[in-house]
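Please report on the local geometry of this structure. Cover the backbone, the surface and the helix packing.

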Amino acid sequence: MKDKTMSPADFAGTIESGMTVGIGGWGSRRKPMALVRALLRTDVRDLTIVSLGGPDVGLLCAAGKVRKLVYGFVSLDSIPLDPHFRAARESGAIKIAEYDEGMYVAGLRAAAQRLDFLPTRAGLASDVLTMNPDLRTVASPYSDEEYVAMPALRTDVALIHLNRADPAGNGQYLGPDPYFDDLYAMGADRCYLSCEEVVPTERLLAPDADGHSAPVQSLLVGRMYVTGVIEAPGGAHFTSCAPDYERDEAFQKEYATAAKDPDAWRAFEERYLRTGEDGYRTAVEGRAATAASGANERSV
Amino acid sequence: MATTTQATDATRAEVCAVACAELFRGDGEIVAAAVAGFVPMLGSRLARSTFEPDLLTTDGGPSLSAGPVPLGAAADAVEGWLPFRDHLWLVLNGRRHVIMGPSQIDRYGNTNISCIGDWARPSRQLLGVRGGPGNTLLNPTSYWVPKHSTRVFTDEVDMVSGVGTDRGAHEIRAVVTNLAVLDFDTPDRRMRLKSVHPGVSVDDVVAATGFELAVPDAVPQTRLPDAEELRIMREVLDPKGLREREVPSEARS
């Protein structure tokens with residue numbers, strides 16, 4: 001099987017301005033943050049982002065890389081709204097298509113099946129149809145029913161983050177929720193999969209030291225959908241990546257607080273984002289160490 | 001006498017939680033999706049603990065718990081798996097009753113959680129429509145408003161993210177607030193004052209509502225928790241008192 005492993009920088013080099021980019025995960029959960037950070041270090045812009053959004057959307061908005069955002073919501077989960085997203089909306093900096101969550105998923109399913117649209121009832125009678133004038137309804141050929149014809153959310157590139165993958169791109173999730181990462185992969189021309197650990201194929205389902213092995217249904221994404229595999233330990237930070245780690249709530253709070261103040265945001269960017277992924281890891285670890293030593297001083 | 005003492009001892013938050021539990025009466029074997037906060041979540045688990053034992057509830061994550069779990073705890077035993085993709089399928093299937101939290105609601109129960117002002121360039125971005133359109137069109141829907149005010153109960157909502165009775169809502173069961181219970185049991189499906197919580201007057205509710213409510217000649221009082229319900233809330237389902245964070249206890253009934 002082909003070895004598709006690549007560095008975050010090599011991945012970022014394949015992304016061009018104006019592309020439509022689907023981003024997996026959900027809110028502040030298992031977002032491909034290392035891939036997003038790699039994008040922030042490039043000069044690509046005018047992206048159309050398709051995301052059940054979290055800080056991935058916030059960071060890309062803050063960097064001025066988003067022309068249009070297609071979403072069901074943008075939330076940090078423990079913090080209801082991402083401040084950069086809110087600012088981008090309230091300043092009119094981005095175009096948007098805002099859908100009901102169920103409509104959004106219908107759009108992902110349509111794209112995965114190479115359909116133009118899928119019918120759904122979600123959205124009917126609400127202002128989602130008023131505010132998105134491109135949306136059309138479709139009459140049932142079997143009854144008097146009418147449905148929203150949710151257009152396919154087809155993308156040029158999908159970015160997803162999973163717990164493990166093999167070098168060929170077979171991806172495995174080990175947490176309680178797959179989110180929609182398989183649909184993003186199937187609905188994109190190219191999919192880049194980052195993961196906590198690249199392992200040989202035979203290890204994906206092999207028993208661990210305790211004799212436990214993952215079930216075959218944990219193999220969420222097949223290699224036929226995957227263009228590149230990027231090993232990125234901590235690559236979902238500061239979103240959750242269960243069971244490897246939970247959300248870094250303290251860091252997320254630091255992010256959200258900094259996002260509300262231009263000077264604080266410049267300092268945040270300087271410390272965490274104007275550096276490679278290794279620099280980001282070092283800065284995050286340094287922050288944790290500072291917090292720990294501070295705690296010790298207080299306890300003395 | 002002991003029962004009466006305990007019942008009048010109930011806090012406003014406990015009265016609200018019981019009113020939320022009542023929303024699920026008669027629902028039977030469906031998923032209670034109480035996503036709007038601690039009080040409705042407590043209400044759904046209280047209903048399952050008492051008069052609606054067949055309800056399905058979660059532990060707040062993707063697990064359907066085998067029994068009603070305390071707020072903030074993980075399920076000891078799990079009876080099913082409901083990841084986001086299946087939860088959204090369930091909305092379309094319909095075996096679900098959701099309690100959402102509106103930022104604005106009008107007299108027909110149209111609700112807004114998307115944004116304030118012009119949708120193209122809002123003065124205040126809120127959550128986005130989330131699952132509101134599908135929920136209200138396809139599932140029984142109720143609402144929880146922890147702070148009843150004219151800002152929330154408004155003449156017109158800025159964006160209809162949840163459809164009301166005049167737009168073909170599947171069923172808007174009721175709205176529970178910190179002051180009252182409201183429903184749509186009127187000839188033209190307009191909002192009606194169903195009951196006021198102990199210590200609240202009809203005038204209080206009318207003053208906090210930004211449109212004309214249908215007010216019956218005699219407005220009953222919201223029922224108090226019984227002793228067993230109080231015990232379950234205080235000792236089993238919410239011993240940390242998370243309900244008091246949403247409805248502070250200085251508002252004792």
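The report below goes through these topics in turn.

## Model

This is a predicted model. Every value here is computed from it.

## Helix packing between chains

Two packed helices are described by the angle between their axes and the distance between the axes.

The crossing of H5(A) past H4(B) is left-handed.

## A covered helix

Helix H3 of chain A runs over residues 55-62 and is mostly covered. Of its eight residues, seven are buried. They are Pro55(A), Asp56(A), Val57(A), Gly58(A), Leu59(A), Leu60(A) and Cys61(A).

Most residues other than glycine have a negative phi, and most peptide bonds are trans. Arg30(A) is not a glycine, yet its phi is positive, about 40 degrees. Arg30(A) sits in the loop between strand S1 (20-23) and helix H2 (33-40) of chain A. Its relative accessible area is 2%. Buried means under 20%, so Arg30(A) is buried.

Tyr179(A) is not a glycine either, and its positive phi is about 50 degrees. The loop between strand S9 (171-172) and helix H7 (181-186) of chain A holds Tyr179(A). Because its relative accessibility is 8%, Tyr179(A) counts as buried.

## Cis peptide bonds

His237(A) and Phe238(A) are joined by a cis peptide bond, with omega about 10 degrees. Phe238(A) is placed in the chain A loop between strand S12 (228-231) and helix H8 (249-259).

Another cis bond runs from Ala242(A) to Pro243(A). Here omega is near 5 degrees. Pro243(A) also lies in the loop between S12 and H8 of chain A.

## Nonpolar surface patch

Which residues form a nonpolar patch on the surface? They are Leu205(A), Val216(A) and Leu219(A). Together they have about 220 Å² of accessible area.

Leu219(A) belongs to strand S11 of chain A, residues 219-221. Its relative accessibility is 32%, so Leu219(A) counts as partly exposed.

Notes:
Residues are numbered from 1 along each chain as its sequence is written. Chains are lettered from A and ligands numbered from 1 in the order in which they are written. This is a predicted model: local features need pLDDT of at least 70, side-chain atom pairs count only at pLDDT 80 or more; totals for chains, interfaces and linings use all residues. Side-chain values use heavy atoms; hydrogens and water are left out. Buried means under 20% relative accessible area, exposed over 50%, partly exposed in between (1.4 Å probe, protein chains only). Helices (H or I, at least four residues) and strands (E, at least two) are DSSP runs, numbered from the N terminus. Patches are made of residues with over 30% relative accessible area and no salt bridge: like charges are joined within 9 Å, nonpolar side chains (Val, Leu, Ile, Met, Phe, Trp, Tyr) within 5 Å. Accessible areas come from the Shrake-Rupley method with a 1.4 Å probe; for residues, only the protein chains shown count as cover. A salt bridge is a side-chain nitrogen of Lys or Arg within 4 Å of a carboxyl oxygen of Asp or Glu. A crossing is left-handed if the near helix is turned anticlockwise from the far one by less than a right angle, and right-handed if clockwise.
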